[in-house]
Amino acid sequence: MPEAARSNGRGQVSLPAVEAAVGVLFVVAVAAAFAFGSPAGGVPREAQLDAYASDAATVLANEPPRHGDSTRLAEVAASEDTFDREADALERRVDRILPDNLLFRVETPHGAVGYARPSTVPTGVATVPTGSGTVTIWVWYA
């Protein structure tokens, strides 16, 4: 008798039965993932928001001023007059720096630009000391 025709006493599972079992396991795994969710991964929201605020602060703290002083932030913090003169330009610049899905508020010793800061959502913050006081940048998801 040929070797392939001999029975060794073991049964064999048909290929369609194996495929069906794998398919059922896959469907159950996907359903469980939707039912129970997945663990939160990556960077926590507040840490990411702090990074956005810090990045914006770094860019602004290193930009040359539009009219005088040492940096853009030092210029807007210098006096009420310079803040009033530069507020619109500062708001436009921060809006261009940050991603579209973020809202912001920049507070200086002489005023603030941006949106009212909510108290019920996670926010990120960065501060930059200037010769005329501290500038604080708040960011949050829209």
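Trainee: Which residue in β4 is the bridge partner of Leu103?

Mentor: Strands are DSSP runs of E, at least two residues, numbered from the N terminus, and two strands pair if DSSP finds at least two bridges between them. In this predicted model, local features need pLDDT of at least 70, side-chain atom pairs count only at pLDDT 80 or more, and totals for chains, interfaces and linings use all residues. Residues are numbered from 1 along each chain as its sequence is written, and side-chain values use heavy atoms, with hydrogens and water left out. Here the partner of Leu103 in β4 is Trp140. β1 and β4 (residues 133-141) pair in the antiparallel sense over 6 bridges.

Trainee: Why is the pair of Phe104 and Tyr115 edge-to-face?

Mentor: Rings of Phe, Tyr and Trp (its six-membered ring) pair if their centres lie within 6.5 Å; planes under 30 degrees apart count as stacked, over 60 as edge-to-face and the rest as tilted. The structure holds 1 aromatic pair. The ring centres of Phe104 and Tyr115 are 5.8 Å apart and the planes are at 80°, so this pair is edge-to-face. Phe104 is buried at 1% relative accessibility, whereas Tyr115 is partly exposed at 39%.

Key: Buried < 20%, exposed > 50% of the residue type's maximum accessible area, 1.4 Å probe, protein only. Helix = DSSP H or I, 4+ residues; strand = E, 2+ residues; numbered from the N terminus.
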